[in-house]
Amino acid sequence: MNLAISLLLTLAVASIIGTVVDETRTYSEYTADYGPFWFEVFRITGAYDVYSTGWFLVILAFLLVSTSVCLVRNAPAMLRELKSWRANVTYKSLQYSRHSRSWHAQAEPRDTADALCTGLGRAGYGSRVDEGPDHVLVTARRGRWNRLGYIFTHAAIVVIAFGGLLDSKIGIKVANLTGFLEVETRNLRASQIPDASWLPEWNHAFRGNVEVPEGTGTNVAFVNLYDGYVVQPLPFTLELKDFRIERYPTGQPKSYESDVRVHDPELDEPYEQTIAVNEPLRHRGYTVYQADFADGGTEFDLTAVPLNGHEEPVAFSGAVHEREAFPPREGVRIEYDDFALFNVNPVTREDGEVEQRNFGPSFDYTLRYPDGESRQYRNFMVPVEREGREYFLSGTRAGPDDDFRFLYIPADDARSMDRFVGLVERMDDPDRVRETAQTAVADAVGGSELDTAAGRAELERTVTDLVERFRTSGFDGVWAVVEENVPTDRQEQIFQAYLRVLQAALAGLYEDVLATEGVEQIGADEWAFFRDALTAINGFDGYGKEWILRLDAFEHVQASGFQIARAPGQNIVYFGSTLLIVGLFLMFYVDHRRLWIWLRREGEGTAILMAGRSARDTLDFEPHFHQMADRLARGTGAEPRSSE
Amino acid sequence: MAVTRDAMDDAFGPGFLARRTVGDWLWAAGVPVATIGVLLAFGDAMGRSDVLILLGFAALLLPLGWSFRALQLFTPVVGGAAALALLQYGGELAAGEARFLLVYALASQSAIMWMSALFVLATVAYLAGLFARADWVARTGTALTWCATGMGFTGLLVRWHETYLIDPAIGYIPISNLYEAFILFCVITALIWLYYERRYAVRHLGGFVLTIISAAVAFLLWYSFDRAGHEIEPLVPALNSYWMKIHVPTNFIGYGAFALAAMVGVAYLLRERLLRTRPESRIANRLPLPAVLDDIMYKSIALGFAFFTIATFLGAIWAAEAWGSYWNWDPKEAWALIVWLTYAGWLHMRLTKGWHGAPMAWWAVIGLLVTAFCFLGVNMFLSGLHSYGEL
């Protein structure tokens, strides 16, 4: 029995280890987290999958064996105890029992025994009477099913472990170890995966995942194994007709639902059902769960808007998961990564309250340049409001470990990027820049001692240069010009002067843009737009490309992530659990109590000795025993003679 | 001899049904009436599973009220207070900030604050009762605990209604995040305590049990003020299931009973230590005898273990429906197993080795630490499928 307790505690400690390392991640994530050395240490000790390592299973097996041995050894005794009346007691043993009482009754033994049986029956005891040579023995018992509690609980552990074992990955792992099955680590289509990584269709226990785009179907599932997967073929085809996300009024998802059609050669015709979280589909012993969702290849109509000012916008189309040449630029490739129909984000309103706001559709893509560099982008389709003004958001980052840094491109009155692009275009037009530089310089130096033809030409060149620097490197670029040409003590002063003249020059370009739009009155809104535009252009440097992609239209195609499982042990485990619970209640709340009442003729009446015992020695039994003795004594018409 | 048989009948007195009091029969009539009332009032919003759970709950309540008679008064008072709050709301969430009764007592936030304050006061009263000569001090503790528990249950029921007032689509039973779980823990632990207090006449243990409840209250207040944990947020899809209505309360009967056992264990150890140094210590002599403490500890752990096992089984069935497997070795599941093993070990020691006393008391205390990690630590330090109440 000490063994059982040690095993219980060892298993507890072993289980703790498994919760220290997050078991659900990939090998590459582990390497990144722990470094190559600890990654290897953890891999060898099985820390990523503690619960199916050999040593964990050995502990489980030990517990199982120990429980079984206990069961085999003790169950017969328990059953005997359950059946037996234990009527072979002696007067002496009753006398020295921990709970005993004696009294004298008026009636003769046989009649007294009858009366006692009535009383015992009233208190829920079953009783029987044995007549000896010089005595009558009444034996009574109650709650004997308590003894089944022991058998049920211990058998339950064995049953649960057996069921769990049936559903475990052990079969698959053995197949892998013995070389019948190879783990596939590449990202391939099912049809391209070599036969060595396919499980047989008859495999009785597995749990796999599969992603099905709308309008397509699947007849396989992928079972994760170590750092890769193996393929489980299914005897039916699961076709996804539609995937939806039901939402709360606040925009957060309420439920994920998939309308599927099941095609099975054994069926006369396919049938349709909706799978949702908490509402799986059950088909021929297979269960299909709503596990996940993803983009199933949403199609885009895009326009690449040039930010360099001298190229024409290029329209093209693509779809999520596709990788192809980036149409506007030779040598660059574009990968369409993802699409999101809703982007619900918490926004702090002016009154300080946080509300959930939907930013509308967004799409993610990666641009890969010939030099091996790549950047990821996330663009929103429609302008997003911030502090009363609207912006097109475009975020960028170097890789998945970084956060997106967003460029806020102000939207014009027509909610388009045209005005902003117009400004950028003009900044790149040498003639227009020269013109505006002339005006700005004339305004700045007109009438002063610097106002010479040579001075003006010199200043105009400087302003033209500043515009170019600002366009390519933002305010930092302007500062760099100052640092190159100006002694340290005057840098700040010149920088401010440069900014003023640069702003004047850009304002000239901006007025030009507005004029072509037909805007004549330049109000506060227009100037706010101008400041936003300068802020956005200032951010170009970190943005790292000359194009901004605008999403013009999309055809949303979703994919539903299913988990498909076959778990023949499930009902066995449920049965074992039920057995366990019934057993526990029998053990805790049914007390096996025995009473013995020894009757001997004494004069006209009967001398009575009563003793009792409870299987679980709790405090309840003693008062119960004395209450029984009091009542039985009163019922036999006698005052108790003595009590211990 | 017939005469003796009649005498025997007299000695054993009236049978089970004949021993029922007027209160018992009122209870037996009241539970179905109240159930029908609930069905009439909310039937439209209830699904088939909700109705079944309600009927099952009513069926459990009937014997519970017969064996724990204080519930015969407690339940109607709580139900009445909640009904009053609903009437005051009149279907408008805004009433919660306008109507006097709601603002100061019955709106869920107010009721929970009352519960918190009363539990702390009850702790103080019980502890003072340990030292005081007068009996009424500790009795005040009992009364305050009843009031606090009543406010807690009322708060939960009213909050249930409030979730629907925010939007019928959002409505959920308020036992789904850490804030609500802590309230549930407080009231369930208190109720189990009140039962044992009456059953064993061990009022002086109250200070110990209420201390753990006050600790939970402290966490609750911090979570509410610092993390705005009381905000009502819609449920994530996986929680949107009738299983929650059974799995969570069952689990908390387990947690509550384990917490109670541990605090009795603390009382046991303290009593032992005090008596060793000062045999005449009044506090130690006021605490129940070791055999009684031992018995309460066993009863409480047995209760907790049985319900914890049921809860884990229900959780497994739910997991099979929602996540695709009845056992995922998710950190919460693994820790539930660890808790289960800890107490399985305790029960083995007690039932097969016959261990009693200090070692078992220590074990119960350590068991609570393990339980606390399962309840709270997993959410704080580990991520997994159960990451609903993150800190």
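Me: What volume does the second largest cavity have?
Reply: In this predicted model, the second largest cavity has a volume of about 60 Å³, and the count comes to four cavities of 30 Å³ or more.

Me: And which residues line the second largest cavity?
Reply: The lining is made up of N379(A), F380(A), M381(A), F392(A), L393(A), S394(A), I409(A), M417(A), I548(A), L549(A), R550(A) and L551(A). By kind, the residues of that lining divide into nine nonpolar, two polar and one charged.

Me: Which element gives the most to the lining?
Reply: That is β22(A), which contributes four residues. The elements giving two or more residues to this lining are β18 (374–380), β20 (389–397) and β22 of chain A.

Me: Staying with β22, which strands share an open sheet with it, and in what order?
Reply: The open sheet has three strands in the order β12-β11-β22 (chain A), and their pairing is antiparallel. The edge strands, each pairing on one side only, are β12 (314–319) and β22 (547–555) of chain A, and neighbouring strands in this sheet are turned by 30 degrees against each other on average, with direction ignored.

Me: How many bridges are there between β11 and β12 in chain A?
Reply: There are six bridges between strand β11 (residues 299–306) of chain A and β12(A), paired in the antiparallel sense, and F300(A) stands opposite G318(A) in β12(A).

Me: Now β10 of chain A, what does it have on the β9 side?
Reply: Strand β10 (residues 286–295) of chain A is joined by three bridges to strand β9 (residues 281–283) of chain A, and the two run antiparallel. R282(A) stands opposite T287(A) in β10(A), while in the hairpin, which has two residues between the strands, R284(A) takes a positive phi near 45 degrees.

Me: How many bridges join β10(A) to β23?
Reply: Eight bridges join β10(A) to strand β23 (residues 558–566) of chain A, again running antiparallel, and the bridge partner of Q290(A) in β23(A) is F562(A).

Me: Switching to chain B, at what angle do α7 and α8 cross?
Reply: The axes of helix α7 (residues 136–166) and helix α8 (residues 178–200) of chain B cross at roughly 145 degrees and come within 9 Å, and the crossing of α7(B) and α8(B) is left-handed.

Me: Which residues meet there, and of what kinds?
Reply: Those in α7(B) include T142(B), W146(B), F153(B) and R159(B), and they belong to a set meeting α8(B) residues, among them Y179(B), I183(B), L191(B) and R198(B). The residues of this contact divide into eleven nonpolar, four polar and four charged.

Methods. Residues numbered from 1 in each chain as written. Chains lettered and ligands numbered in written order. Predicted model: local features only at pLDDT ≥ 70, side-chain atom pairs only at ≥ 80, totals over all residues. Heavy atoms only, no water. Axes fitted to C-alpha atoms, helices over the stretch in contact; angles between N-to-C directions. Left-handed = near helix turned anticlockwise from the far one by under 90°. Contact = heavy atoms within 4.5 Å. Nonpolar A, V, L, I, M, F, W, Y, C, P; charged D, E, K, R; others polar. Pairing = 2+ DSSP bridges. 1 Å grid on protein atoms, 1.4 Å probe; cavity = no way out; pocket = protein on both sides within 12 Å on 5 of 7 lines; lining within 4 Å. Points joined across faces, edges and corners; volume = space filled by probe spheres on them.
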